[in-house]
Each structure stands twice: as C-alpha cells, then as structure tokens.
Amino acid sequence: MRGRIVRGIAGFYYVQTGSRIYECKAKGIFRKDKKKPLPGDYVEIDILDEVSLTANISAILPRTNELIRPAVANVDLALVIMAAASPAPNLNLLDRFLVTMEQQRVNCCVCFNKQDLVDEQTKDRLRESYRNTGYPVLFTSARQEEGLLELRKVLSGRTTTVAGPSGVGKSSLINCLQSHTSMETGEISSKIERGKHTTRHSELICVSEGTYIVDTPGFSSIELYGMEKGELQDYFPDFAPWEPECRFAGCAHVKERDCGVKRALERGEISASRYENYCQLYEELKGHRKY
C-alpha cells in the first residue's frame, strides 16, 4: 500500500493513506543504506494490524527534492512568514531563509502577517523591498482573516513548507487555512497527537485535497552552510539582470569599481535592505574557515 509520511518522530513515522493514518517503523535496510525517511516522502507500507493501524515502511519512492533545513521531502514551495509589525520584520533573517531555499532550488513566496497593525505606506515599503526578486509578496491578517483567499490560491495543489520566527502568527495563520478542512484530517491529527510523542517537529497538514502545508518549528537565526562567498550572488535573483553590466568577470558586487549591481542599487532597481543583507552575508561567508 502506498501513502505519504506526514510526521516522523522518535523512530515512528505516521503515514497517511486516504482517510487513514498508520503508525510505522522503518525497516533496517534504510539505516544500512543511510537513507532516512522524511516528512513528505511517498512510501510503500506493509500493514501489520488494521485495528491498531500499525505498519512497516518497506520502500521510499523517488523524491523530487530533499530539503536539509527544514528536513522534508517533495516540497513545491517555501512560504516565509514574517510579521508586518509586533515584532518588526527582520529582513536579514528573511533574506537568509530565501538564500537557503534558492540554494536548494525551491520556489519561494513571502508573506507578511498582521497587516492590520500597519498602514499602507509601511506595506508599500515592504513590498518595494522585494519588487524585483520574482518572489510573490502577500499581506495577511490571521486575526482579521484577511488575505486568506489569495494565500489559498498560491498554496493550492502544492506541498508548501511554512517557516518563520516565533511570534509572527504562523500557527494562527495555519489554523485559519485549516478552518474548512474535512473531518478526515481531524482524525489524522488526533492519531498523531495521541500522547505518545509530543516533541515539536515538522509536520504535513492537509488543508484541501492535494494541498499540504509543512508546519515547522519557529527559527530565530539561520546559518549558511555548504556555500562559498562567490556563490552567494547566485541566490539573489534580483542581481542577475545587472551582472552583465559589471566591468570585471567574477565581480563580487562589494568593493569593485564599475559594478552593474551597485549602479542598479543607486537607481533603486535593487532595494537597499537586500543589498545590505547581501554584503553582511558575504562578509560572514568570507570569515568561514575552510576544512
């Protein structure tokens, strides 16, 4: 039988098949092959008991992708949620997450929640910061249930990893998206949270047929790993149109003269906050020790 892992914790994997969810253990061959099942994996399971809904995972089907942070497979989109206010949006943290998703070749969407706490001028400023990145920018209010229709359209038919720091209303927004979810999903959640395991881990939540969101623990910082300083510019899509105008091949866009990216910055084609964050991340990577 085929299913999809919606949560994994303490060596147990919860696999959804239709309206049922099975508590599974992975066969030892996966440890031998150093392949660990992940939330989002499509798997084959062998049923052990239909009454207790227990089974073994016998095979992991091929993945379209595999994210390291957060650890999840077969993701179509990353939705990064920040608060428009209370707390003030940390654009450096946001850009760090966008860089890690670009590195892992996952499309991104930026969502500013708590839009009811800011004026239109503030929203325009935030929107302008990401105007030329190619990332959709949405504004929502979980408290006022605003912007949910547009958000549902973006998420529809996709598996989306939802991430953001604590305090931005991420859980409230996810709860709003689940408000019309079928009873089957409620039964699945009951099975997962039946008291045996309560540690907070990544979890797939079905919000409609074929649409999943991956709830992940909040983050307060993100370190960049496995990246050289010269690669960083590749993960800022708003730089790409202007790089051919750089005088020097391999221009880092930091201290070089005749830099197309810096001229675009002066014209307002690249936001100052994006460029400042790029320079900060570049210096951070420059200081990483090589082993």
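Because the structure is predicted, local features need pLDDT of at least 70 and side-chain atom pairs count only at pLDDT 80 or more, while totals for chains, interfaces and linings use all residues. Residues are numbered from 1 along each chain as its sequence is written, and side-chain values use heavy atoms, with hydrogens and water left out.

Let's start with the cores. A nonpolar core here is a set of buried Ala, Val, Leu, Ile, Met, Phe, Trp, Tyr and Cys residues joined through side-chain atoms within 4.5 Å. Buried means under 20% relative accessible area, exposed means over 50%, and partly exposed is in between (1.4 Å probe, protein chains only). The largest such core has 35 residues, and Leu94, Phe97, Leu98, Met101, Val110 and Phe112 touch the most other members. Among the elements that give two or more residues to this core are strand S1 (2-9), strand S2 (12-17) and helix H2 (91-103). Helices (H or I, at least four residues) and strands (E, at least two) are DSSP runs, numbered from the N terminus. Helix H2 gives the most to this core, with six residues. Apart from it lies another core, of 22 residues, and Leu232, Phe239, Cys246 and Ile270 are among them.

Contacts (heavy atoms within 4.5 Å) show what surrounds a given residue. Leaving aside residues up to four places away in sequence, Val110 touches Val80, Leu94, Leu98, Tyr135, Pro136, Val137 and Leu138.

In helix H5 (residues 170-177), the buried residues are Lys170, Leu173, Ile174, Cys176 and Leu177. They cover an arc of only 155 degrees around the axis, so they sit on the same side of H5. That arc is taken from the directions from the helix axis to the C-beta atoms. Helix H4 (148-155) and strand S11 (159-163) are included in what covers the buried residues of H5. In helix H7 (residues 260-267), Gly260, Val261 and Ala264 are buried. Their arc is only 100 degrees around the axis, which puts them on the same side of H7. Helix H8 (272-286) is part of what covers these buried residues of H7. After H7 comes Gly268, with a positive phi near 85 degrees.

Now for the aromatic rings. Rings of Phe, Tyr and Trp (its six-membered ring) pair if their centres lie within 6.5 Å; planes under 30 degrees apart count as stacked, over 60 as edge-to-face and the rest as tilted. The whole structure has six aromatic pairs. In one of them, the ring centres of Phe236 and Tyr278 are 5.3 Å apart and the planes are at 80 degrees, so this pair is edge-to-face. Phe236 lies in the loop between strand S13 (211-215) and H7, and Tyr278 lies in helix H8, so the pair ties together parts that are 42 residues apart in sequence. Tyr278 also forms an edge-to-face pair with Phe239, at 4.9 Å centre to centre and 70 degrees between the planes. Ring pairs link Phe236, Phe239, Tyr275, Tyr278 and Tyr282 into a cluster.

Finally, the cysteines. A disulfide is counted when a pair of cysteine sulfur atoms is within 2.5 Å, and the count comes to zero disulfides. Cys24 is buried, at 0% relative accessibility, and Cys206 is buried too, at 14%.
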